[in-house]
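Subject: Structure for you, with some notes

Hi,

Here is the structure I promised to send over. Have a look at it first, and then read on for my notes.

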Amino acid sequence: MATTGSGTDTHCPYCSLQCGMRLGAHMADTVGTADEAHGGVAVLERPEFPVNRGALCGKGRTSAELLTSASRLTAPLVRDRRGGPLREATWGEALDRVAGGLTDVAERFGRDAVGVFGGGGLTNEKAYLLGKFARVVLGTANIDYNGRFCMSSAASANRAAFGLDRGLPFPLADIAHAGCVILVGANPAETMPPALRYFRELRENGGRLIVVDPRRTRTAEMADLHLRPVPGTDLALALGLLHLVIADRHVDEAFVAARTTGFEQARAVAMAHWPERAEQLTGVPVQLMRQAVEMFAGAATGMVLTARGSEQHSKGTDTVGAWINLCLATGKAGRPGSGYGCLTGQGNGQGGREHGQKADQLPGYRSLTDPAARAHVARVWGVDPATLPGPGRSAYELLDTLGQDGGVRALLLMGSNPVVSAPRAAHVTRRLRALDLLVVSDLVLSETAALADVVLPSAQWAEETGTMTNLEGRVILRQAALAPPEGVRTDLRVLRELATRLGADKGFPEDPEEVFGELRRASAGGQADYAGISYRRIRAEDGVFWPCPDEDHPGTPRLFLDRFATPDGRARFAAVPHRPAAEEPDADFPLYLTTGRVVGHYQSGAQTRRVPELAAAAPGPFVELHPRLAGRLGVAEGDLLAVTSRRGRAVAPARVTDTIRPDTVFMPFHWGGTGRANSLTNPALDPTSKMPEFKVCAVRVEKAVRVEKEVR
Ligand SMILES: Nc1nc2c(c(=O)[nH]1)N[C@H]1C(S)=C(S)[C@@H](COP(=O)(O)OP(=O)(O)OC[C@H]3O[C@@H](n4cnc5c(=O)[nH]c(N)nc54)[C@H](O)[C@@H]3O)O[C@H]1N2
Ligand SMILES: Nc1nc2c(c(=O)[nH]1)N[C@H]1C(S)=C(S)[C@@H](COP(=O)(O)OP(=O)(O)OC[C@H]3O[C@@H](n4cnc5c(=O)[nH]c(N)nc54)[C@H](O)[C@@H]3O)O[C@H]1N2
Ligand code: SF4
Ligand SMILES: [Mo]
C-alpha cells in the first residue's frame, strides 16, 4: 500500500516495538479507521521506519479509534464522599482537591505517606518529571511503577552479568543474521507480530530457531525445535543445557578466558545438575536438550532472547542469569550477531526505567544511593542533595501496604491499572480502597480510576509530543498530530499545575522538548546517557540509540563489542542452583496456572477493550486446558470453569486445546471482573528484582455449575 508522504510521523501507543506510523486524513491510504467528522485521524503506513517497515498489528492499526471514542474521559471527576458517586468537576476544583489532599496526608503522616505509581507507557519526559515531582515536590521515597511487573528480572540479571541493562544490545534486525536464536518464554506471534519478520528471515538465511514455552504457541510452531518445560522450571532447564555444553566440550575456552569471570563457580553448579535431573524437573527429554545444545553451540553466532515467560518468577533474576551463562560459555556475547537480549514490553518499558520513576533510581540510570549520582542530579534540579529521599518500596510492596500504618495513604497513579494487572488483585483492590486519597490520571475510566477520589483526564499519544525508548534502546519521537479535546490536559501540564499549587513554581515546564532538554543534562554521564540526543536528530536519523554522550556521537546500536560495562570489562557468570516455584501443585490445588497475552488486547485491556473491532475479536477471558484434563473434568469447549487458588477464584469459559500441557492451564490477564486472572496469581517476589510470580501458581479447576453464584 502506498503512502502519500504527508501527515505526521509518529509511533504506536502500545508495545515496546514502537512501530512507526503516520497519522493523517488520507482515506485512500488508510490502514486503520478514521473518523474525520469527529476530528479524528487515520493511521497510515510509514514503510521507511526501519523497525516495522510499515507493518502494524491490529492494535496499532485501530489505535486512532480511542481518540474519538465516547468512552474516553473529557472532564475531571471527583467523589464528594467515600462510597458516593463520581461527578464532573472543573480542573481548578479537581487540582485543588489533589493538592490539598496530598498536603494534608503529608502533614498528618509524613512525606513518605504520599506515594506515586507510574507506568512504562509514559514518555521519557513524563517519567522523568514524575520522578522529579516525587523527590523534589512531594519529598517522598515511595515512587515505583508497573515496569516492576514487567522486565525487572531481566534488568537485574543484565546489570549483574554485563554491568548495564538495555533490552537488546543490538538492533532487532540483527536477529535475521544470527546462526541460532533461543526464544525463551516469549510469544512474539501474539505480542509483537511485526517483529516476526526477523525470525522468518533468520530461518530463510539458514539460521535455527528454538522456542522454550510450556505451550505450543504460534511462535513455537515456527521453530525448528520446541522445548516445553513445566512452568517455573526454566532455571533447571538452563542448568541442564549448560551441563551438556560443558560435558560435550562446547565451551569456548578462549572467550571465557578473555572476556568473562566466574566460570568455575557456574560450572560447578551446572555439573551438579545432571541433564537427567533437569528432565525430571522440567519434563523436557534429555535428547531434546542435547539437540538444542548442538544447534546453539554448533552455530557460529547465536542469541538467547527472554521475555516474561522466563522472567516473571520469584527466581526470575537467577533464571535470566542462567540463560546468560549459556551465551557466555559458548562465546555468544559481545560479538556481532551474538548476545543475550530481553524483549522489553511496554511502549516505553526501556526509557521508563531509566529516568527516575523506579524506587531506587535517578535519571540516566543512576543509583539513588550513590552520593556522586545524587549530587549530579540535585545540581540539575537546583536542590540540596541531602533533601533527596532514599530508595522506597517496590511496586507490589507499595500496593500491599496502602492505607496501613507506615504505608502510603495518598496515592497519585499515572499510567497503570493495577486492579486488573497486579498480582493477588482482590487484595490490592482492598488496599486501594483503604487509601485516604486516590488520584488517577487516565484516558478512560479504568477499573482503577473507577475507585479514585479524583480522576484526571489525560491527553492521548496522538495529541502530545514526547520520546519513547524502544526495545532496542532506540530513542524515538512521537509527534502530536492533533490537539487534545476540550477538557483534557497533558500529564506534563497536570504535573506543572500541581507543582505550582504545592509551592514549586519553577522546574516543571509543560513543553516536552524543554523537559527533554533537562532530561539530557540530568542523564549526562550516566549509563543511559541521552546528552547528545535531540528531537531534531531523532527526526533525521529514525531514532538514536543510547548511550549518546554528545551531539557528535553517532549513538550506540551495538553494545559490548569491545568490552562489557562491568568495572573490569568482563561479563560475569551467575552461579545459581535450581529452586522450585514459590507454590507447587498439591492435593488441594493440583494444577499449574500460567498467564499471559492474546494478540488483540493490550495489558489490563483498559484501552483495547474499548476498541470495537478488538473487543469483537476477543470478547472475554478464557481458560486454556488440554483435552485429557477436560475429559477428566467432564468439560467441553465453552463450558464455564471455576479456577481457584489460595488467593481467590475466577470464572471463565473453557478453551480446549492440545497446545497446552495436560498439567497446566493458561489464562490471559486482559480482563477485570469475574474472569480476572490476577484474582489467582501469587505475589511471591523475586528477592532482587521484586518481580511477582505471575507465570506460575497452583490452582484447582472445576466445572462451574451455577454462574450467578460465581459472580461477586
Ligand atoms: N497483544 C499484546 N502484545 C503485547 C502486550 C499485550 O498485553 N498484548 N504487552 C506488551 C508487554 S508490556 C509485554 S511485557 C510483552 C510480553 O510479551 P511475552 O513475554 O511474549 O508475553 P506473555 O504472553 O506474557 O508470555 C510469553 C509466553 O510465556 C509462556 N510461559 C508461561 N510460563 C512460562 C515458563 O515458566 N517458562 C517459559 N519458558 N515460558 C512460560 C507463555 O505460555 C507465553 O506464551 O508483550 C508486549 N506486547
Ligand atoms: N497475570 C498477569 N498479570 C500481569 C502480567 C502477566 O503476564 N500476567 N504482566 C505484567 C506486565 S508485563 C505489565 S507491563 C503490567 C501492565 O499492566 P498495567 O500497568 O495495568 O498496564 P496498562 O493496562 O497498559 O495500564 C495503563 C493505564 O494507563 C492509561 N494510560 C495509557 N497511556 C497513558 C498516559 O500517557 N497517561 C496516563 N495518565 N494514562 C495513560 C491506560 O488507559 C491504562 O488504564 O501487567 C502485569 N500483570
Ligand atoms: S506490534 Fe506493538 S507497536 Fe507495533 S503496532 Fe502492534 S502494538 Fe503497536
Ligand atoms: Mo510488560
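In these notes, two residues are in contact, or meet, when they have heavy atoms within 4.5 Å. Helices (H or I, at least four residues) and strands (E, at least two) are DSSP runs, numbered from the N terminus.

Please keep in mind that this is a predicted model, in which local features need pLDDT of at least 70 and side-chain atom pairs count only at pLDDT 80 or more, while totals for chains, interfaces and linings use all residues. Residues are numbered from 1 along each chain as its sequence is written, chains are lettered from A and ligands numbered from 1 in the order in which they are written, and side-chain values use heavy atoms, with hydrogens and water left out.

**Helix packing**

Two packed helices are described by the angle between their axes and the distance between the axes. Axes here are lines fitted to C-alpha atoms, for helices over the stretch in contact, and angles run from 0 to 180 degrees between N-to-C directions. Angles under 35 degrees count as roughly parallel, over 145 as roughly antiparallel, 65 to 115 as roughly perpendicular and the rest as oblique. A crossing is left-handed if the near helix is turned anticlockwise from the far one by less than a right angle, and right-handed if clockwise. For residue classes, Ala, Val, Leu, Ile, Met, Phe, Trp, Tyr, Cys and Pro count as nonpolar, Asp, Glu, Lys and Arg as charged, and the others, Gly among them, as polar.

Let me start with helix 18 (residues 491-501), which packs with helix 3 (residues 124-138) at an angle of about 15 degrees, the axes being 10 Å apart. The two are therefore roughly parallel to each other, and the crossing of helix 3 with helix 18 is left-handed. On the helix 3 side, E125, K126, L129, L130, F133 and V137 make the contact, and they meet D491, L492, L495, L498 and A499 of helix 18. That contact holds eight nonpolar, no polar and three charged residues.

Helix 18 also packs with helix 2 (residues 91-109): their axes come within 10 Å and cross at roughly 60 degrees. This pair is therefore oblique, with a right-handed crossing. From helix 2, the residues W91, G92, L95, D96, V98 and A99 meet V494, E497, L498 and R501 of helix 18. Here the classes are six nonpolar, one polar and three charged. L498 is listed in the contact with helix 3 and in the contact with helix 2.

The axes of helix 4 (residues 152-162) and helix 13 (residues 316-329) come within 8 Å, crossing at roughly 45 degrees. That angle makes helix 4 oblique to helix 13, and the crossing is right-handed. S153, A154, S156, A157, N158, A161 and F162 of helix 4 meet G316, T317, V320, G321, I324 and L328 of helix 13. Their contact divides into seven nonpolar, six polar and no charged residues.

**Backbone details to check**

Most residues other than glycine have a negative phi, and most peptide bonds are trans. So which bond is cis in this model? A cis peptide bond joins W546 and P547, with omega about -5 degrees. P547 sits in the loop between strand 21 (544-545) and strand 22 (571-572).

For accessibility, buried means under 20% relative accessible area, exposed over 50% and partly exposed in between (1.4 Å probe, protein chains only). R249 has a positive phi, near 60 degrees, and lies in the loop between helix 7 (234-247) and helix 8 (253-259). R249 is exposed, at 74% relative accessibility. Q603 also has a positive phi, about 55 degrees, in the loop between strand 23 (591-596) and helix 21 (612-617). Q603, though, is buried at 18%.

**Ligand 3**

Which residues are around ligand 3? Counting a residue as near if one of its heavy atoms lies within 4 Å, they are C12, Y14, C15, L17, Q18, C19, L56, C57, K59, G60 and P194. This shell has eight nonpolar, two polar and one charged residue.

**One last pair**

G525, in the loop between helix 19 (512-523) and helix 20 (535-541), is exposed at 64%. G525 and R366 are 159 residues apart along the chain, with their C-alpha atoms separated by 9.4 Å.

Best wishes
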